[in-house]
Each structure stands twice: as structure tokens, then as C-alpha cells.
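Biologist: Put the structure up, please. I have a few things to go through.

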Amino acid sequence: MTTTAPTALDLQQAAKEHLWMHFTRMGGYEVADVPIIVRGDGCHLEDSNGRRYIDALAGLFSVNIGYSFGDEIGQAAHEQMRELPFYTNWSYAHARAIELAAEIASLAPGDLNRVFFVNGGSEAVESAWKLARQYYLARGEKHLLGLVTPGARAGAQEAEVAHDAIVAAAAPTPHRYKAIARHIAYHGTTMGALSINGIPAIRAPFEPLIPEVRHVSNTNRYHRPPEETEAEFTEFLHNELEQAILAMGPETVCLVHMEPVQNAGGCFTPPEGYWRGVREICDRYDILLSADEVITAFGRLGHWFGSERYDIRPDIVTIAKGLSSSYGAIGGVVATERVMEPFMGATSMFSHGITFGGHPVMAAIALKNIEIMKRERIPEHVRENEHAFRATLAQLLDLPIVGDLRGTGYFWAIELVKDKDTRETFSDEECEKLLRGYLSTALWDAGIICRADDRGDPVIQISPPLVAGQAEFDEITGILGEVLTEATALMR
């Protein structure tokens, strides 16, 4: 018997002919080569041409333990494949999902204790909104008030004197379905998550979206009036949020959904007292507070959850990315016992499910990832090194094009400006020239993977694997310094 060796696939040609990449201008690769990553180790990647790059974005803010644990995590996946390659969490349970839910509950702050598994961040946000919508129904908000007229109460045949009040009371109370998020915030791409998104350019092609979401100001202080104090900024944000709730009708709002540190727009950290006030407003109007921790959980801010760092006390948290360090596709919604309680009746259930949510192999990968993070002291490592990381990046503030450096933990952004003294930003045409015409290619050619983004004002986002140390901080800053020096000359 003779066999023919398989023909080696021309990856470059096959990519151009068959692969449809996400958020990518595909027409740009009619002439240019598609970047093809073939291997990784630590904080570095290698492409199909043998060139190495420092991954200053951790994939997509997600490869928290870096690229060197494939053997160990692969062994965990292999063992799970042999034991139980798949089973669902629909009316049944399996060991890995139970173990992972218990592990997440042990790490989550406060009384966040119940975990509903999905496959990724967008599904987590979608599920959180659905959970909030159904929570109020399950809790029994739609009810009839047993009002009667005085005559009926006495058993007499008196004329009805409160007809309008009785009819109004008999009608169902307004259904809570609305949500509030922040401007420029990114929360995913499924239709519900996209509706919560605060980025108009991403929303526009798919409108009309799911009603009704309103967006309030994010916590970007860089372009606020210079005379405004932090306390005044916080008060402005709280007043705006409360006014949005009142305008929508508090009895119709089910969810306030925000990131501990907002990613899109460039790592907006909260001012003093911000989260305390948001929590109080949500309590005042009986609205569920949801923290989008798809990026900020599992060490990115130096804690297992960003909600712990900022004492947010959310009712719901969405997670993904760092849960498995992106070695597997898994996410989840973590809820408090208060949110779970209405669904514990004999005939109650959350009317939502996903075939692969809590997949046993993905759960095994996530469990091994958390084990590695504990063993390697990843959150502690971030806390111990965040000041050194910031101090190293702060050298870039000497460049005329760098206006602001903001962030925390291993989650940073530098904002690029046209005029440093006035904080004037670039026009849309200038952003196109700077970001896509120069920086995207120049950064890649210089050996660094990060994000040059203008969803909002132009920024470069820097969020490396959480195993990075001073050598990586120096490498990132050195490359950025060279490229941004050239960018300064270009834009002049």
C-alpha cells in the first residue's frame, strides 16, 4: 500500500482566499500579507516568517498567564477529554462545571456566589441583561393590587367612586427592560450586548437595535474643564446618571452596566467616590448594578476582580478572557444570592441557555488556569509591579505627541494629542493618517503588538500578559518611544 504525503497548505494564500477575520479591513490584504502568528512563549509571539514580537496587548487583554503554559493546560484538557469530552448544563451538571463555579465563588468579592456559564464576553453581557430583565418578573413585580370601592368593601350596592384608580391598579406595572451604560464603552457584538455598547460606529450598521439603552458620560477626566475638582466631576457623573434614570422612568430600568476601568477610549479609571455613589443610586431606584469584568477580572488590575479593588459591590458580574487566560473559550455571569433567590421557586427558572456553556473541557482549562495563577502569585505580581510599569511608561510623556498616561495594574493607555498644551486632539482625517496610515504598520514592523485606537480620542492601549516584568516594560516603552518619535515628525 502506498500513501501520498499531504500537500503543505500555503497559509498565506489560504488566508486570503478563505479566512474572514474579525474587525478587519479585508481589502487591505489584496496586496499586503496577512500577519500569521505561529507560536508564543512568555510575553512574546513569532510569525510565519520567524519574526518575534512582544505582545503588549495579551492577545485581546486576555492571555493573562502568557504563552508558556500550553503543556500543563493541554494536559488538563487531554485528561478531561478522556474522562468526559462533553456534557451539557441543561438540567444536568458535571464535575468540572461544579468545581469551577465553586472556585469562582470563592474568589469573587461579597456575596457573588452563583455562576451561569457561557462561551465568551459578548454572551456574558447578553446573559446579564436577560437575567436582569427576567429577575423583576420572577420577583413578582407584575401584580394586581386588590383595591375595592368603599361600597364593595361593605357589601353595599353603592356607585363606584374610584373607577380610574381601580383600573390603573389592575394594570400590570411597567415592565423593567431598559439598561444604562456609558459613552464609548465596548461591551460586545451580539445584538443585546451591541445595544449596550456605547460606540456609535459599531452600533450603526445594525440598527435598529434592542430598545432601550441610554448612555451617560464615562470617567475620562483628561478633557474636562481644568478648574473642575475631582469631587465636582464625581458629582456631575452621579447627577447625570440619576437624571437618565428619572428620564427613562425608574420603574422601567433593570440594569446599570459598567466596567470598573473602562477599556474603549483608553483605560478610564473612576474618580474618588464614583462607585460608592453609583451603588447608592442603584439601591435608591431598585436597579441591578452589573460590573463588566470581561477584561478586569482575574488579575488585570492586581485583584481577582476589579470590583474588589474599587469596592463596587455589584449584583452581577460578567467574566470571560482571563478566566481561562484565553487558552479556552469560556465566560460567565456571576450573581449574588439576592439575584438568584427569585429563581429558586419550584416552578421558576432562568429562561436562557447555551449548548456549550460550561463545557467540561473549557471548565477544566479554566480550573488549571486559576491553579497556575495562584501558584505563580499573578495578582500579587501585578500589584507589586504596577508602579514600576507606570513609571517606565511615564517616560513617554516627554514626547510632544503623548498627552496623557492613564490606567492601573497592567492596564494602561497613552492618549495622543495634536497640541500638548491645549490638549487639542487630531481630526478624523489626521487620525486615519496617524493610526491606520502609519502606527498600525509601524508598530508591527518594530516588533510590538498593541492597539492604536480612536474609538473616542486617539490612544495606544498597553495591556501585556500579567507575567511581564521590568525587562518587558523596558522593551515595550523603548519600541513605543522610537515609533512615536517618528509619528511626531510625521504629524508635524
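Biologist: Which residues of α15 are buried?
Modeller: Ile-378, Pro-379, Val-382, Asn-385, Glu-386, Phe-389, Thr-392 and Leu-393.

Biologist: And where does α15 bend?
Modeller: At Asn-385, by about 45°. The helix runs over residues 378–393, and Asn-385 is also among its buried residues.

Biologist: Stay with α17 for a moment. What does Thr-477 touch, leaving aside neighbours within four places in sequence?
Modeller: Thr-477, which sits in α17, is in contact with Thr-392, Leu-393, Gln-395 and Leu-396. Thr-392 and Leu-393 are among the buried residues of α15.

Biologist: Is Thr-477 buried or exposed?
Modeller: Thr-477 counts as buried because its relative accessibility is 7%, and the cut-off for buried is under 20%.

Biologist: OK, confidence. What does the protein average?
Modeller: The average pLDDT is 92, and 92% of the residues score at least 70.

Biologist: Where does pLDDT stay under 50?
Modeller: Over residues 142–161, where the model has 23 contacts beyond four places in sequence. Residues 167–171 also stay under 50, with six such contacts. Where pLDDT is low, the predicted coordinates should not be read in detail.

Biologist: How does the lining divide by residue type?
Modeller: 20 residues are nonpolar, eight are polar and one is charged.

Biologist: What about the bond from Pro-211 to Glu-212?
Modeller: That bond is cis too, with omega near -15°. Glu-212 is likewise in the loop between α9 and β6. For background, most peptide bonds are trans, and most residues other than glycine have a negative phi.

Biologist: Which residues other than glycine have a positive phi?
Modeller: Ser-91 is one of them, with phi of about 70°. Ile-184 is another, with phi near 75°.

Biologist: Where are they?
Modeller: Ser-91 is in the loop between α3 (70–83) and α4. Ile-184 is in the loop between β5 (178–182) and α8 (191–196).

Biologist: Buried or exposed, for Ser-91?
Modeller: Ser-91 is exposed because its relative accessible area is 80%. Ile-184 has 21% relative accessibility, so it counts as partly exposed.

Biologist: Now Glu-46. Where is it, and what does it touch?
Modeller: Glu-46 is in strand β2, residues 44–47. Not counting residues up to four places away in sequence, Glu-46 touches Ile-36, Ile-37, Val-38, Arg-39, Arg-51 and Arg-52.

Biologist: Why does Glu-46 count as buried?
Modeller: Because its relative accessibility is 19%, and buried means under 20%.

Biologist: And Arg-436?
Modeller: Arg-436 is in helix α16, residues 428–446. With 30% relative accessibility, Arg-436 counts as partly exposed.

Biologist: What does Arg-436 touch, with the four-place limit again?
Modeller: Arg-25, Cys-431 and Asp-454. Arg-436 and Ala-452 are 16 residues apart in sequence, with their C-alpha atoms 8.1 Å apart in space.

Biologist: Last one, Val-63. Where is it?
Modeller: In the loop between α2 (58–61) and α3. At 8% relative accessibility, Val-63 counts as buried. Beyond four places in sequence, Val-63 touches Ala-58, Ser-325, Ser-326, Tyr-327 and Pro-465.

Methods:
Residues are numbered from 1 along each chain as its sequence is written. This is a predicted model: local features need pLDDT of at least 70, side-chain atom pairs count only at pLDDT 80 or more; totals for chains, interfaces and linings use all residues. Side-chain values use heavy atoms; hydrogens and water are left out. The bend at a residue is the angle between axes fitted to the seven residues ending there and the seven starting there. Helices (H or I, at least four residues) and strands (E, at least two) are DSSP runs, numbered from the N terminus. Buried means under 20% relative accessible area, exposed over 50%, partly exposed in between (1.4 Å probe, protein chains only). Ala, Val, Leu, Ile, Met, Phe, Trp, Tyr, Cys and Pro count as nonpolar, Asp, Glu, Lys and Arg as charged, and the others, Gly among them, as polar. Contact means heavy atoms within 4.5 Å. pLDDT is the predictor's confidence in each residue, from 0 to 100.
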